[in-house]
Amino acid sequence: NAAVEAKAVEEAHLTRTVNEEQAEVDRLQSEVAEVKAMMDSTTVEVSQLNSERTNTTVEMQSKKEALAVELAEATALTNAAVEAKAVEEAHLARTVDEEQAEVDRLQ
């Protein structure tokens, strides 16, 4: 009878231990699930940030190319204006020389 009672006590103790261990396993599995969810969320965020970075890089490259075109156009306009000014000054210099020659001839 004492042996049966001791056996029952031991089984009750083992049952409590198994239940405690199962509760710990359940808690750890829940923590693992939370960590996995956070990792998935982080992966999505990283993917979004990479996509934004790519879009920003493409946008900046496009703006850089547009600015290069604008600069080339502005340079061409400036060069044309400088050349036109030089031609105009040369023409005016010839006109002044011709007028001076006419003045000299008339005197």
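This is a predicted model: local features need pLDDT of at least 70, side-chain atom pairs count only at pLDDT 80 or more; totals for chains, interfaces and linings use all residues.
1. Glu31 forms a salt bridge with Arg27. The closest N and O atoms of that pair are 2.1 Å apart. Arg27 is also placed in the partly exposed class, at 40% relative accessibility.

2. How many residues separate Glu31 and Arg27 in helix H1? They lie 4 residues apart, about one turn of the helix. A second pair to look at is Lys63 and Glu59, which form a salt bridge with their closest N and O atoms 3.4 Å apart. Lys63 and Glu59 are 4 residues apart in helix H1, so about one helical turn separates them. Lys63 has a relative accessible area of 45% and counts as partly exposed. Glu59 is partly exposed too, with a relative accessible area of 45%.

3. Next, the pair toward the end of the numbering. Arg105 forms a salt bridge with Glu102. Here the closest N and O atoms are 2.6 Å apart. The spacing is 3 residues in helix H1, so Arg105 and Glu102 are separated by about one helical turn. Is Arg105 buried or exposed? Arg105 is exposed, because its relative accessible area of 58% is over the 50% cut-off. Glu102 is partly exposed, at 33%.

4. Salt bridges with shared partners also join residues into a network: Glu24, Arg27 and Glu31 belong to one. For the whole structure, the search finds 4 salt bridges.

5. The surface also carries a nonpolar patch. Which residues form it? Val35, Met38 and Met39 do, with about 310 Å² of accessible area together. Val35 is found in helix H1, which covers residues 2-106. Val35 counts as partly exposed because its relative accessibility is 41%, between the 20% and 50% limits.

6. Now the fold as a whole. The secondary structure of the chain comes to 1 helix and 0 strands. The C-alpha trace spans about 155 × 15 × 10 Å along its principal axes. The radius of gyration is 46 Å, whereas a compact globule of 107 residues would have one near 13 Å.

7. What share of the chain is buried? Buried residues make up 0% of the 107 residues. The chain exposes about 9,600 Å². Carbon and sulfur atoms supply 60% of that area.

8. On charge, the chain has 10 positive and 24 negative charges.

9. Last, the end of the chain. Gln107 sits in the segment after H1. Gln107 is exposed, because its relative accessible area of 77% is over the 50% cut-off. How far is the C-alpha atom of Gln107 from that of Leu67? The separation is 59 Å, for two residues 40 apart along the chain.

Methods: Residues are numbered from 1 along each chain as its sequence is written. Side-chain values use heavy atoms; hydrogens and water are left out. Helices (H or I, at least four residues) and strands (E, at least two) are DSSP runs, numbered from the N terminus. The radius of gyration is taken over C-alpha atoms; the globule rule is 2.2 Å times the number of residues to the power 0.38. Buried means under 20% relative accessible area, exposed over 50%, partly exposed in between (1.4 Å probe, protein chains only). Accessible areas come from the Shrake-Rupley method with a 1.4 Å probe; for residues, only the protein chains shown count as cover. Lys and Arg count as positive and Asp and Glu as negative; His and the chain ends are not counted. The place of a charge is taken as NZ of Lys, CZ of Arg, CG of Asp or CD of Glu. Patches are made of residues with over 30% relative accessible area and no salt bridge: like charges are joined within 9 Å, nonpolar side chains (Val, Leu, Ile, Met, Phe, Trp, Tyr) within 5 Å. A salt bridge is a side-chain nitrogen of Lys or Arg within 4 Å of a carboxyl oxygen of Asp or Glu.
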